[in-house]
Amino acid sequence: MPTLTDRFIPRPDASERHSIVINASRERVWAAVADPGSFDLRAVVAIRNLAARLSGGRPHRSAPRFTPLGEDPGHELVMGLIGQWWRLGHAEKSGAISGAADFHAFDRPGYAKGTLSFRLDEAGEGRIRLVTETRVVATSEDARRAFLRYWMAIRLGSGLIRRVMLAALRARATRPL
């Protein structure tokens, strides 16, 4: 069955999926996912800044800003981002996107478009499987090659960050009221 994420990047150049089973109601898990304060990306910024300094680039002052692209309340949330992540502090500004229409329309060569999604699936009585998926598609062949080299270098760290995010969301969804 197609997901909401499929509407944004149906054929990614790279993707990664992780999941965790949470002993909580759909409502509790959705509340954790839908809370904008759920995603502390300071660790991502720290790692990227170290890499940027080592490569002679400029450190970032803030975490990447994901733009909400779409949601099916209680089931799926998709956020998007456009950038040149492989350029580590040397990236050109892509311009902000304000939503799904901007994300779909963006086709400037030399960039990549990424989605981060969270989907809630039934996992038995009182249990939800929370699935996070990252998908990336490049806007040109040069960007695709550059991104895939970068992806090979950061993929394990990216996966670790996703697993940490899932564990934090489980803790948030199961903490006492």
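Guide: Gladly! R144 has a relative accessible area of 23%, and this is a predicted model.

Visitor: Why is R144 called partly exposed?

Guide: Buried means under 20% and exposed means over 50%. R144, at 23%, falls in between, so it is partly exposed.

Visitor: What makes D13 and R144 a salt bridge?

Guide: The cut-off is a side-chain nitrogen of Lys or Arg within 4 Å of a carboxyl oxygen of Asp or Glu. The closest N and O atoms of D13 and R144 are 2.9 Å apart, so the pair meets the rule. D13 is itself partly exposed, with a relative accessible area of 26%.

Visitor: Why can one say that the pair D13 and R144 ties parts together?

Guide: D13 sits in the segment before β1 while R144 belongs to helix α4, so the parts joined are 131 residues apart in sequence.

Visitor: How do you know that D35 and R172 form a salt bridge?

Guide: Their closest N and O atoms are 2.5 Å apart, and the limit is 4 Å, so the label holds. This pair also links distant parts of the chain, with D35 in the loop between α1 and α2 (42-54) and R172 in helix α4, 137 residues apart. D35 has 30% relative accessibility and R172 has 24%, so both count as partly exposed.

Visitor: Why is D142 called exposed, whereas R145 is called partly exposed?

Guide: D142 has a relative accessible area of 55%, which is over 50%, so it is exposed. The side chains of D142 and R145 meet in a salt bridge at 2.3 Å, N to O. Both residues lie in helix α4, 3 residues apart, about one turn of the helix.

Visitor: Which residues are linked in a network of salt bridges?

Guide: D13, E141, D142, R144 and R145 are linked that way. The count for the structure comes to 12 salt bridges.

Visitor: What makes F118 part of a nonpolar core?

Guide: Members are buried nonpolar residues joined through side-chain atoms within 4.5 Å. F118 belongs to the largest nonpolar core, which has 19 residues, and is among those touching the most other members, along with I22, V29, V33, L120 and L130. The largest share of this core, 5 residues, comes from α4. A second, separate core of 13 residues includes W86, L88, F147 and Y150.

Technical notes. Residues are numbered from 1 along each chain as its sequence is written. This is a predicted model: local features need pLDDT of at least 70, side-chain atom pairs count only at pLDDT 80 or more; totals for chains, interfaces and linings use all residues. Side-chain values use heavy atoms; hydrogens and water are left out. Buried means under 20% relative accessible area, exposed over 50%, partly exposed in between (1.4 Å probe, protein chains only). Helices (H or I, at least four residues) and strands (E, at least two) are DSSP runs, numbered from the N terminus.
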